[in-house]
Amino acid sequence: MAIEIGRFTGEWDELLELLDMAFSSPWTDAQYESERKIWERDRSTVAIDDGQLVGHTGTFSHQMTVPGGQLPVAGVTMVGVRATHRRRGILRDLMRAQLTDIHEAGTEPLAALTASEPVIYPRFGYGLASDVQEIVVPKVSRTLRPVAGIDEVRIRYVDVRESLSRCAELRNKLALERPGMFQHDERWQEFTISDTLMSNTSNASKLRCVLAERDGELTGFAHYRTKRAEKGYVDVLRVHAVDLASHAALWRYLMEPDLLGETRCETVASDDPLLDLLLDPRAPSPITRDGLWVRPVDVPRALAGRTYARDVDVVIEVVDDFLPWNAGRWHLTGGPEGAECESTTRDADLTLHVRDLGAVYLGRPSLARLGRAGLVDEHTTGALTATSEALSTSRLPFLDTGF
């Protein structure tokens with residue numbers, strides 16, 4: 001009997017059994033409940049073999065910041081296939097069905113995901129569009145360079161839930177300025193303070209929150225836990241601030257714990273000021289991890305949906321053997337005020353694979369860098385440099401909330 005690919009019409013418990021088998025992780029009921037609350041039932045695509053659920057991929061409806069504005073983006077999640085059904089092309093069929101549905105709906109020109117196994121998704125057209133730094137700062141190396149106004153910032157401990165709406169409002173405003181961040185609605189606000197599949201609460205305190213305030217106005221906040229395992233430390237989940245003094249004041253507080261030897265954070269933006277403010281440049285011992293993977297689902301709409309750092313007029317030939325409607329030559333014109341993109345028969349100035357277009361879409365890495373790696377073919381002299389400059393952004397893309 002052929003394996004059927006289609007929309008999921010079952011209940012959460014049935015899906016939960018598949019996910020538990022596919023990921024082989026000892027998650028708790030509370031963690032699974034957090035996932036259930038953000039799950040979008042009508043956007044689940046499944047594979048069924050003789051009545052049994054054997055594969056799944058889900059979609060979140062995100063409003064994500066891109067250079068110059070925001071776009072609806074399909075957040076791909078909960079991707080898994082039973083171990084008994086691997087090497088049958090089920091994941092390929094699930095991915096194609098999901099992306100086809102997204103394209104036919106006509107709302108989201110991009111799909112994005114975070115990868116548990118990053119070697120899997122490039123073959124489906126996803127490119128690595130952002131990274132994060134995992135840091136560990138020993139207490140003895142916490143000294144920061146002087147920051148004007150830092151002593152004017154008041155740090156105040158508050159109840160996490162009671163402060164949630166104020167913190168979410170501040171964070172959502174900041175998210176408008178950073179490519180790769182999506183807006184938190186009430187579901188996602190709750191998700192950020194819950195135990196999730198990405199949480200590690202072993203030997204941990206309850207989630208804590210501190211506010212940064214100046215003249216009675218909220219200027220930032222941090223969520224963190226303290227842990228007393230083999231080595232006690234502060235586990236920082238997120239830090240958001242509207243100005244440098246508040247940002248530095250929050251980190252100074254987080255790096256001065258009593259009875260704890262270090263401060264850790266797994267999701268620090270690669271251009272976070274903290275990395276430059278630490279007096280000892282070796283102190284954070286940063287490890288670069290992959291962040292957001294981006295896949296154009298509708299190339300012309302995606303390219304027209306963002307702005308560009310300089311005027312651009314280029315014909316890009318896109319190679320996409322997974323979604324054939326993207327393959328071809330696209331004439332992109334635009335600049336800081338907006339852009340247009342349409343199909344053309346003109347000779348191409350550049351040729352690249354759709355996964356590499358996804359990689360550079362949010363502004364990191366540079367197209368020129370990919371060209372030096374032989375991943376972009378330049379047919380018109382100067383086109384690679386000019387297009388790379390147009391795609392660049394003043395802030396690196398960053399995903400602060402995994403999904």
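User: What is the strand order in the open sheet of 5 strands?

Analyst: The order is 17-16-15-18-19, with mixed pairing. A quick note on the model: it is predicted, so local features need pLDDT of at least 70 and side-chain atom pairs count only at pLDDT 80 or more, while totals for chains, interfaces and linings use all residues. Residues are numbered from 1 along each chain as its sequence is written, and side-chain values use heavy atoms, leaving out hydrogens and water.

User: What makes strand 17 and strand 19 edge strands?

Analyst: Strand 17 (338-343) and strand 19 (376-378) each have a single partner strand, so one side of each lacks a neighbour in the sheet.

User: How do you know that strand 15 and strand 16 pair?

Analyst: Pairing takes at least two bridges found by DSSP. Strand 15 (residues 312-319) and strand 16 (residues 328-335) have 7, in the antiparallel sense, so they count as paired. Val312, for instance, has Gly334 in strand 16 as its bridge partner.

User: Which residues does Ile135 contact?

Analyst: Contact means heavy atoms within 4.5 Å. Leaving aside neighbours within four places in sequence, the partners of Ile135 include Trp251, Cys265 and Pro286.

Notes: Helix = DSSP H or I, 4+ residues; strand = E, 2+ residues; numbered from the N terminus.
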